[in-house]
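Me: I would like to go through this structure term by term. For each label, please set the value against its definition.

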2 protein chains.
Amino acid sequence: MADTKSKAIEESLTLQPRFDADGLVTCVATDATIGEVLMVARMNAEALAKTIATGDAWYYSRSRRALWRKGESSGHTQRVVELRVDCDQDAVWIKVEQMGPGACHTGRRSCFYRAVPLGQSGASVTLEFRDAEQAFDPAQAYRRK
Amino acid sequence: MADTKSKAIEESLTLQPRFDADGLVTCVATDATIGEVLMVARMNAEALAKTIATGDAWYYSRSRRALWRKGESSGHTQRVVELRVDCDQDAVWIKVEQMGPGACHTGRRSCFYRAVPLGQSGASVTLEFRDAEQAFDPAQAYRRK
């Protein structure tokens with residue numbers, strides 16, 4: 001951790017993203033007002049550059065292998081209030097103003113709508129819905145126009 | 001997104017983590033009180049199971065290739081208040097009570113101590129320190145006992 005190269009990345013004021021083998025960094029988006037984690041996604045160099053340049057959240061979809069402006073289908077865009085980078089520069093945190101009713105493609109406000117009660121062990125772990133009411137109808141939001 | 005398999009993972013109340021090719025899921029740890037993102041790390045199946053069973057945050061270090069109980073060297077453990085899983089079950093969010101002065105090995109409270117001012121474009125992007133005061137001396141906290 002404390003070697004010279006790490007130290008340079010940790011204390012530098014130059015953005016030097018450490019993209020993984022697939023060319024991606026992890027991005028956590030939280031609601032700028034209430035601090036809730038809305039989603040975790042990936043950014044490639046272009047998505048990160050566009051997010052910084054425009055203040056809109058851009059991601060890279062691994063499943064679709066495509067650059068993606070959040071909300072381009074649903075209208076539920078994310079306006080970035082603050083963007084931070086972590087110590088080793090392989091993750092970014094964006095505080096966003098979530099436009100529209102929600103961030104999750106399932107219709108919830110946040111992608112994190114299930115809790116794992118602690119203290120469980122063994123093969124099967126049971127979840128509980130938490131803040132899982134649908135904020136919008138995904139069939140409506142994502143229909144082809 | 002809306003295929004049957006995805007739907008089953010999204011609406012299921014059974015934990016079915018979607019580990020990546022390296023056997024890992026992404027974990028975001030936030031401060032349970034103020035909502036600040038403290039760190040982003042990875043968990044393998046064992047780290048996730050231990051976190052759920054014990055309520056202490058366990059991670060998997062890619063650089064050290066080892067399971068790791070957060071704070072085992074520094075004493076700055078994380079007590080999990082709530083654990084959530086995201087829609088496609090490849091990321092978890094833990095709200096933690098951070099023990100000791102900070103989570104970051106550089107001595108800061110959070111790993112996200114630099115902001116990227118928006119509107120910049122081009123080859124070089126300049127960061128600004130934000131909440132970057134050191135909460136503890138890492139040389140002291142991580143010295144070999």
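Me: How many salt bridges are there between chain A and chain B?

Reply: The count between the two chains is eight. The model is predicted, with local features needing pLDDT of at least 70 and side-chain atom pairs counting only at pLDDT 80 or more, while totals for chains, interfaces and linings use all residues; side-chain values use heavy atoms, with hydrogens and water left out. Residues are numbered from 1 along each chain as its sequence is written, and chains are lettered from A and ligands numbered from 1 in the order in which they are written.

Me: Why is the pair Asp90(B) and Arg62(A) called a salt bridge?

Reply: The term requires a side-chain nitrogen of Lys or Arg within 4 Å of a carboxyl oxygen of Asp or Glu. The side chains of Asp90(B) and Arg62(A) meet at 3.5 Å, N to O, so the pair qualifies.

Me: What makes Asp88(A) and Arg18(A) a salt bridge, and which parts does the pair tie together?

Reply: Their closest N and O atoms are 4.0 Å apart, and the pair is listed as a salt bridge. Asp88(A) lies in the loop between β5 and β6 of chain A and Arg18(A) in the loop between α1 and β1, so the pair ties together parts that are 70 residues apart in sequence. Over all chains, the search finds 22 salt bridges.

Me: How do you know which residues of chain A and chain B are in contact?

Reply: Contact means heavy atoms within 4.5 Å. By that rule, 58 residues of chain A are in contact with 58 residues of chain B. Of the interface residues of chain A, 100% are also interface residues in chain B, so the copies meet through the same surface.

Me: What is the buried area between chain A and chain B?

Reply: Buried area is the accessible area (1.4 Å probe) that two parts lose on being put together, summed over both. Chain A and chain B bury about 4,900 Å² between them, 60% of it on carbon and sulfur atoms. Leu13(A), Phe112(A) and Arg114(A) supply 14% of the area that chain A buries against chain B, more than any other three residues.

Me: Why are β5(A) and β7(B) said to pair?

Reply: Strands (DSSP runs of E, at least two residues; helices are runs of H or I, at least four; both are numbered from the N terminus) pair if DSSP finds at least two bridges between them. Arg84(A) stands opposite Ala115(B) in β7(B).

Me: What makes β3(B) and β4(B) a pair, and what lies between them?

Reply: β3(B) (58–61) and β4(B) (66–69) pair in the antiparallel sense over four bridges. Tyr60(B) stands opposite Leu67(B) in β4(B). The two strands form a hairpin with four residues between them, and Arg65(B) in the turn has a positive phi of about 50°.
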